[in-house]
Amino acid sequence: MRLQEKNIAQGVFIYTHFEESNDKLTARYKAERSIRLDIAVEVDDSNCLVEHIGKPSHFCVLPLVGIEKQLAEPIIINCPDFEPDSERQSLMLSGVDYNEENNVITETGINRLIYSKVFPLFEKIVSFLSSNNYGKLYYLAYGLGKIIVKKDNLDDKWYEDNVIKAYRDVLLKYPIAKAYRNESMLNLSDCIIVAEKKEFETALYSLLTSLFPSNIVTDNHEWAQFIWKDQLRVWTSEDLCKVIESKENLTNIQLADRTVIDWYNAFLDFIAKYDERLLKEYALLPNMNGLLLKKDEKVFKQGEHITTFIIELVENLGKDLKPLLLHNEITTVNLDAKYNSQSYSAEVNRLSKSIIDDKSISTDDKVLKLLPLLSIIPNDSTRYEEDFIKKRKRIYEIITSIHQQNEVNSSIDNSLLDSSWKETDIWFETHVLEFLHKVGHLNNLPDGLNSCWLNDCLVSLNVQTSRLNEYAVLPNQNGDFCFQEKLFKDENISDALKDDIFDSIDINYKDILVHKDIDATRFSIVQSKNTRIFANELKPKFANLQNSSSGNFFRYYYHHFPQDKLDKIARYLISILPSDTTLDLYKYQKSLFDISNKILGEEINYTEQEICFDSIELWHDANVYVANQIAEKISEIGTIEKLCLSLGNCGTKNAFELLNHFYDFLLHYNIKYASMSIFPNQNGEFKVYSALKKEEGHIDDILKNIICCLVSKEDDYRTVLIDNQSILKPQVSLNIENAFSFIDGRIFELYEIPTKRKDATFIQAVHLLLEEYNQVTQKHFPKTYPIKDTILIDVVWPQEKREKLMKISNKLTDEKIETILENDAEIEELTNRVNQLENTISQLSVIQEIENKYPGFDFSTLLEILEKEQGQFSLSDVEHNVSDERKLEIGDEGECFIYEKLCAKFGEDNVHWSNKGDADNYQYKRTFQGKDYYFVRTSHDFDFKLNHNGFLFYIEVKTTVGSVKNCRDFPLFFQTKEWEWIDNNTEQASHYIIRVFDIETNPKAYFLKQTLEID
């Protein structure tokens, strides 16, 4: 096996040859076979290895092209006995070495056998290159630095253990790396190879040449590309950090060509740029004694402009700063923690605190000891804020005014930071705060002191928020001193929203808004109040509640506050108008305010105010409340005629204009109006919207008069049709065709009943239709028209009437009959007056009988009470209105009203009505608000039993037609048996009385819980 140098056309190669016969190959091929092997490296004219990366490195007579993608080798190998795959692109190096069945070596076994002969040849070449100082020997490490990646036909574990390791072991035996210092050859195990990112490699290499000049190689970058880490010193920046940390002290670092401080600054600068976190992970930073510490040591700081004098001063006070400070010659690294003027100022402050905390020193002695510091007034505006300088002056003034130390002179000094006075200022400010806390109110301050002085005093003391919550010293808008956390900033809230009226619903902004002379921002009063917030806080006060925990039941819901309070506040709110008169909001709010003044009259006594706010959220709930008040008042008034009177005889046109403005307001703000009795029918009576219909087109008055004669008042067209002057129109409508159809069918139906033919109202209807209405046609009246003459004769002109008219005609001349017809109105008026006189005489007779029977009895008072409770009536109706039947009728109507309300709120299945029957089983029937109710009188001592969420409630309903305003004029009657039933009832239940007012006009219900105990 010889080593030779051979020149061929492509270059110069150093190679060696091996050949020997092999039994395993002979057995496989059944013929004498040898292993033939050549190993070579290429060199250039400078005796340096030539790179062959990416070129064919394996030959089997011809180049095995493609194997370089499978194997990366540091040498060229030629062997005719290699066994490649069929495409000659990879060697068979995976699988078993022997075919046990045939007892012959496999292709894989042949290739592995050949490889076992490579390494002695490789070592021979390495030895030759090392001893003859060939250059660029780092190419001998090509392919040896990384773990093999799995390739086709390659067992990577076998290759790593038997090929890579064998190559590495050869290279470790010989000096093949050129030293940095004297270019002598070094063994790889003695070298330090820098393996770092490209941007940091040069700097780290430079640092290591000063620290380890004998171990650094010349071609470091090239070696780093191929070298492996096992058994070698391949260093990164972190490895250098570990070595430096092991030195423990700056004095233990020895360098050949640089001063330690110069090199160390360069080292720290490099580490800071490489990864500053390493300064916290390793002890690399020297203190002033040279000891190496980690950057994040709690007590480790960097001095800034620290003079020897300061260090000695603090040391004399009992603290050595040298172990705590970064070495003063280290300039390339900055610590987050600094020791500077702030630090020694803190020492001054700490010493001041020790005086303050010393319980053995009296207050007077503390003042004397601290007074020199408190009397220092700095004047360097470049070092101190102007406000701080003013504060120091102000504190001096406060000292002299409170403690009467006028003889103490101030001094000027600019060396300390403002923090030097922290503890003394806190101590002094506590005294001031205690003084103000005892004062309690602006009016109690000493003469000459006011809110502005107080603000300036607190600002100059720089009182912290926490202290303002220990002492109540900030005035609210009532002048009371409060805690800071209780106060809010006033964001231009109008005084109108701070009125005392809101106290009744727990909103009092003067109590919580800081005084306007106090700088809210300066005292960290960040929570603020503005008009929008006011609106949001107001909203829940008006909220409708489902549960009864708050009581205050009205308008079908429970509320947090009584109705009178909320109504009053709502009326006040609508007197506040948005200041921008161009807004629709202003237009509608002004409209509501004007409507309220006119409808509610004296109930509204607030003057108009303006506020700079343009969102409906402030007014919405108040609008609903006032709209309900207006609706209740209109409902109570009852008719257009009475409304005109209440408005000062304003006339129907003006009344409707006012109503339409109100309807427009309700519509614009989507306020529910369906249940409000505020819509006039064509009789001028106010009804609920759902009970009315729209007149589509025009229905002649004579047709309406006819219908009036044919139906009850509830079904009269003028009763169910909304007045045409209303801007709101129901969806359901009636037109003239409906009138034709109804009249035709009704007259035909009633005519078939003989007794009806003598009914005066039916006669009047027939008369109006057949004698005065000139448009009775077959088309419009298909039932009546064919028999109209018969109906006319049978109903309007029966035989008796015709005979009477003949008698009149015989007795009176035509001239007299004409005179009677011409003066018909006057004759009717005289007849009415006669009837009125007769009625008056009858009433006087009744009164006379009562007064004769009961001398001195005040009948007029009784009459007034009865009218309030039962409604207006004639004296001749007294007996009816005080009868049991009348009382029963009123009570039944109240129960109908409450039944509908309870069913709507709790569900019909949960409501048991004691007196309720049905159409198949009843004693009598009542019609209430257009709906029929069937009654079966029982012996129950309660009207309703209600189940709700597992609880049982018994309800007694007491009803009157009178208004709640006159409730004191009529009593609430209970039978003895009703009280006894409540007392004897053992069920776990609550008992309620529901008092119903205005049952026949605008019903309202009030809930009263019964609590009765009888011993």
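## Burial and the model

Buried means under 20% relative accessible area. The model discussed here is predicted. By that cut-off Tyr 588, at 10% relative accessibility, counts as buried, and Tyr 669, at 11%, is buried too.

## Aromatic pairs

A pair of aromatic rings is described by the distance of the centres and the angle of the planes. Ring centres must lie within 6.5 Å to pair, and by this rule there are 45 aromatic pairs in the model. One of them joins Phe 270 and Tyr 274: the ring centres are 5.9 Å apart and the planes meet at 20°, so the pair is stacked. Both residues belong to helix α8 (residues 260-275), where they are four residues apart, about one turn of the helix. Phe 270 is buried, at a relative accessible area of 6%, while Tyr 274 is partly exposed, at 23%.

The pair of Tyr 588 and Tyr 669 is edge-to-face, with 5.9 Å from centre to centre and 70° between the planes. Tyr 588 is in helix α20 (residues 584-600) and Tyr 669 is in the loop between α23 (652-668) and β25 (677-680), so this pair ties together parts that are 81 residues apart in sequence.

## Charges over rings

Two cases can be given. The charged end of Arg 33 sits over the ring of Tyr 29, at 4.2 Å from the ring centre. Lys 529 lies over the face of Phe 488, with 4.3 Å to the centre of that ring.

## Nonpolar cores

In soluble globular proteins, nonpolar side chains tend to be buried together. The largest nonpolar core in this model has 68 residues. Phe 502, Leu 573, Ile 630, Phe 662, Ile 678 and Phe 679 have the most contacts inside this core. Elements that give two or more residues to the core include the helices α18 (531-538), α19 (563-573), α21 (620-637) and α22 (640-646). Helices α20 and α23 are also among them, as are the strands β23 (576-578) and β25.

Leaving out residues up to four places away in sequence, Phe 502 touches Ala 496, Leu 497, Ile 507, Phe 534, Leu 538, Ile 569, Tyr 572 and Leu 573. Another core, of 65 residues, lies apart from the largest one. Its members include Phe 18, Phe 119, Ile 176 and Ala 179.

## Cysteines

A search of the whole structure finds zero disulfides. For Cys 644, the closest cysteine sulfur is that of Cys 650, at 4.4 Å. A disulfide needs the two sulfur atoms within 2.5 Å, so this separation is too far for a bond. Cys 644 counts as buried, at 9% relative accessibility. Cys 241 is also buried, with a relative accessible area of 0%.

## Around Cys 896

Cys 896 lies in helix α34 (residues 884-906) and is buried, with a relative accessible area of 0%. Setting aside neighbours within four places in sequence, Cys 896 is in contact with Trp 913, Phe 928, Tyr 933 and Phe 935. Cys 896 and Asp 932 are 36 residues apart in sequence, and their C-alpha atoms are 9.4 Å apart in space.

Trp 913, Tyr 933 and Phe 935 also belong to one aromatic cluster, together with Tyr 899, Tyr 924 and Phe 944.

Key: Residues are numbered from 1 along each chain as its sequence is written. This is a predicted model: local features need pLDDT of at least 70, side-chain atom pairs count only at pLDDT 80 or more; totals for chains, interfaces and linings use all residues. Side-chain values use heavy atoms; hydrogens and water are left out. Rings of Phe, Tyr and Trp (its six-membered ring) pair if their centres lie within 6.5 Å; planes under 30 degrees apart count as stacked, over 60 as edge-to-face and the rest as tilted. Buried means under 20% relative accessible area, exposed over 50%, partly exposed in between (1.4 Å probe, protein chains only). A charge sits over a ring if NZ of Lys or CZ of Arg is within 6 Å of the ring centre and within 35 degrees of the ring normal. A nonpolar core is a set of buried Ala, Val, Leu, Ile, Met, Phe, Trp, Tyr and Cys residues joined through side-chain atoms within 4.5 Å. Contact means heavy atoms within 4.5 Å.
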